[in-house]
Amino acid sequence: MPKVIYHAPDRTSHAVEARTGASVMETAIKHGVPGIVAECGGALSCATCHVFVDPAWLDRTGIAADFEDEMLDDAESPRQPHSRLSCQIRLTDEHDGLEVTIAPEQ
Ligand code: FES
């Protein structure tokens, strides 16, 4: 099971064990990590699951696909080069140790 480390807007950090196949968003919600709203439940229609992926992990998370990329333009917090919508990152064992910072405004 991959461990994911979340850095929340309230400056707390949360290291949680994720289920392989779950998304970064689903894992945060399941473990009560503060900051991710996920209004649409992962349907890629709200942009309230915005995270900044630690740049060292971008080669393993990949970059946003076209539609996700467009949605990031409308995110409440300004996007950064390593922005992703966390509902679109599916966890595998190769993500063990992944670090993401939750965008301050969702
Ligand atoms: S939860 Fe709505 S776009 Fe990710």
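Strand E1 (residues 3-7) and strand E5 (residues 98-102) run parallel and are joined by 4 bridges; two strands are taken as paired if DSSP finds at least two bridges between them. Helices (H or I, at least four residues) and strands (E, at least two) are DSSP runs numbered from the N terminus. Within this pair, histidine 7 stands opposite threonine 101 in E5. The model is a predicted one, in which local features need pLDDT of at least 70 and side-chain atom pairs count only at pLDDT 80 or more, whereas totals for chains, interfaces and linings use all residues. Residue numbers start from 1 along each chain as its sequence is written.

The E1-E5 pair belongs to an open sheet of 5 strands with mixed pairing and the order E2-E1-E5-E3-E4. Strands E2 (13-17) and E4 (83-85) form the edges, each pairing on one side only. From one strand to the next the twist averages 35 degrees, with axes fitted as lines to C-alpha atoms (for helices over the stretch in contact) and angles running from 0 to 180 degrees between N-to-C directions.

On one side of the sheet, E1 and E2 pair in the antiparallel sense over 5 bridges, and isoleucine 5 stands opposite alanine 15 in E2. The hairpin of E1 and E2 has 5 residues between the strands, and arginine 11 takes a positive phi near 70 degrees there. The number of buried residues among the 5 of E2 is 0, so this strand lies largely in the open. A residue is buried if 20 or more other C-beta atoms lie within 10 Å of its own, exposed if 12 or fewer, and partly exposed in between, with C-beta atoms placed from the backbone.

E3 is joined to E5 by 3 bridges in an antiparallel arrangement, and to E4, also antiparallel, over 3 bridges. Phenylalanine 52 takes part in both pairings: this residue stands opposite threonine 101 in E5 and has serine 83 as its bridge partner in E4.

The largest nonpolar core holds 20 residues, of which Val24 and Val100 touch the most other members. Such a core is a set of buried Ala, Val, Leu, Ile, Met, Phe, Trp, Tyr and Cys residues joined through C-beta atoms within 7 Å. Two or more residues of this core come from each of E1, helix H1 (24-30), strand E3 (50-53) and E5. Not counting residues up to four places away in sequence, valine 24 touches Val4, Val51, Ser86, Ile89, Leu91 and Val100, a contact requiring C-beta atoms, placed from the backbone, within 7 Å.

Cysteine 49 is located in the loop between H1 and E3. This cysteine is buried because 30 other C-beta atoms lie within 10 Å. Its contacts, leaving aside neighbours within four places in sequence, are Met25, Ile36, Ala38, Leu85, Ser86 and Cys87. The C-alpha atoms of cysteine 49 and isoleucine 36 are separated by 5.1 Å, at 13 residues apart along the chain.

Overall, the chain comprises 3 helices and 5 strands, running β-β-α-β-α-α-β-β from the N terminus. The radius of gyration, 12 Å, is close to the 13 Å that the globule rule gives for 106 residues, so the chain is as compact as a globular protein of that length; the radius is taken over C-alpha atoms, and the rule is 2.2 Å times the number of residues to the power 0.38. Buried residues make up 28% of the 106 residues. Of the contacts with a separation of 6 or more, 66% are between residues 24 or more positions apart.

Conventions:
Contact = placed C-beta atoms within 7 Å.
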